[in-house]
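The sequence and coordinates come first.

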Amino acid sequence: MKKLMITLAASTVLATCNAAKIQDTKSLVVYYSQTGVTETVAKLIQERTHADIEAINAEKPYDGDFNATIERSMKERQAGIECKIKSLSKDIAKYDTIYIGYPIWFGTYAPPVVTLVKKLNVEGKIIIPFCTFGSGGLETSVNDLKKNLKNATILDGYGVRTARIDKAAKEIDLFFATINGTAPKLPEFSEQKPVTAEEKTIFQQACGSYPMPLGSPVSVGSRTINKTTEYKFTAESISPDGTPTTSTIYVVKEPNEAPEFTKVVR
């Protein structure tokens, strides 16, 4: 199964009754996408579930380039300005399972989704998040959803780096196989050990071109699936305020291909 078995940020343990429950429910895919990348994932999910689908639209669109979007969003955050969104045409109350999609901004779901979440009444519903990101953020965004939607059952979801969007279709197939309980069980990572010179080279090849520093690898565990090796690096760095930080960085290496960095968990 090559890479699709590697970077699944999904619910790896899901009761059979929950799987059957999801299959039998009326579902909606609702998502925010500024550049079309998250929309790609939303449509892949809609195709596989035959769910209804609807985009979240900001009243004042974030239509600038990356720097302009970050600048505007930062100013809004600092001023406590909520992003106003247009009303959905779909009635959330009529659905049992809601797939919520978003790009990661500032470590969590983008402002239009922040606004939507505040308005949602999802008591008793199943929420399945999905996201796209530059380096990571699925885990933190799911934790935020769990804090803000306490009356719903929230699964761990699916996430993919924007740079790897071409891998999403196969990874989503595994994501749903996991939900349905039909995915093969993945082996555990080996225990963390000091990185070798060869492993440092693999880390640099995978992460060296990323525009933000990801730190220096100090230890690594690994596992091999169908000749593809996944590395789980522990990296150390210094935050902008001078605080030492540690992160977990995942890298995959297929035979005869360059290693790829798949996500960061901070």
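## Basis

The model is predicted: local features need pLDDT of at least 70, side-chain atom pairs count only at pLDDT 80 or more, and totals for chains, interfaces and linings use all residues. Residues are numbered from 1 along each chain as its sequence is written, and side-chain values use heavy atoms, with hydrogens and water left out.

Helices (H or I, at least four residues) and strands (E, at least two) are DSSP runs numbered from the N terminus.

## Open sheet

An open sheet is formed by 5 strands in the order β8-β9-β10-β11-β12, with antiparallel pairing. Two strands pair if DSSP finds at least two bridges between them. β8 (193-194) and β12 (260-265) are the edge strands, each pairing on one side only.

Strand β9 (residues 216-225) is joined to β10 by 9 bridges and runs antiparallel to it; glycine 221 stands opposite lysine 232 in β10. The hairpin of β9 and β10 has 2 residues between the strands, and asparagine 226 takes a positive phi near 50° there. Between β10 (residues 228-238) and β11 (residues 244-253), also antiparallel, there are 10 bridges. Threonine 234 faces threonine 248 in β11, and glutamate 230 has valine 252 of β11 as its bridge partner. In the hairpin of β10 and β11, with 5 residues between the strands, glycine 242 has a positive phi near 90°.

## Nonpolar cores

A nonpolar core is a set of buried Ala, Val, Leu, Ile, Met, Phe, Trp, Tyr and Cys residues joined through side-chain atoms within 4.5 Å. Buried means under 20% relative accessible area, exposed over 50%, and partly exposed in between (1.4 Å probe, protein chains only). The largest nonpolar core has 31 residues, of which Ile98, Ile100, Tyr102 and Val113 touch the most other members. At least two residues of this core come from each of β1 (27-31), β3, α4 (111-119), β5 and α5; β3 gives the most, with 5 residues. Apart from this core lies another, of 19 residues, including Val41, Tyr99, Phe130 and Leu155.

Contact means heavy atoms within 4.5 Å. Beyond its neighbours within four places in sequence, tyrosine 102 has contacts that include Tyr32, Val113, Phe130 and Leu145. The buried residues of α4 are Pro111, Pro112, Val113, Thr115, Leu116 and Val117, and their cover includes β1, α3, β3, β4 (108-109) and α5.

## Aspartate 96

Aspartate 96 is found in the loop between α3 and β3. Its relative accessibility is 38%, so aspartate 96 counts as partly exposed. Leaving aside neighbours within four places in sequence, aspartate 96 is in contact with Thr25, Lys26, Lys125 and Ile126. The C-alpha atoms of aspartate 96 and serine 209 are separated by 42 Å, with the two residues 113 apart along the chain.

## Largest pocket

On a 1 Å grid over the protein atoms alone, a pocket is an open set of points where a 1.4 Å probe fits, with protein on both sides within 12 Å along at least five of seven lines; lining residues have an atom within 4 Å of a point. The largest pocket holds about 1,400 Å³ of space, a volume being the space filled by probe spheres set on the points. Its lining has 42 residues, and Phe66, Ile104, Gly134, Ser135 and Tyr210 lie nearest its centre. Two or more lining residues come from each of α2 (37-49), α3 (66-79), β3 (97-105), β5 (126-133), α5 (138-148), β10, β11 and β12.
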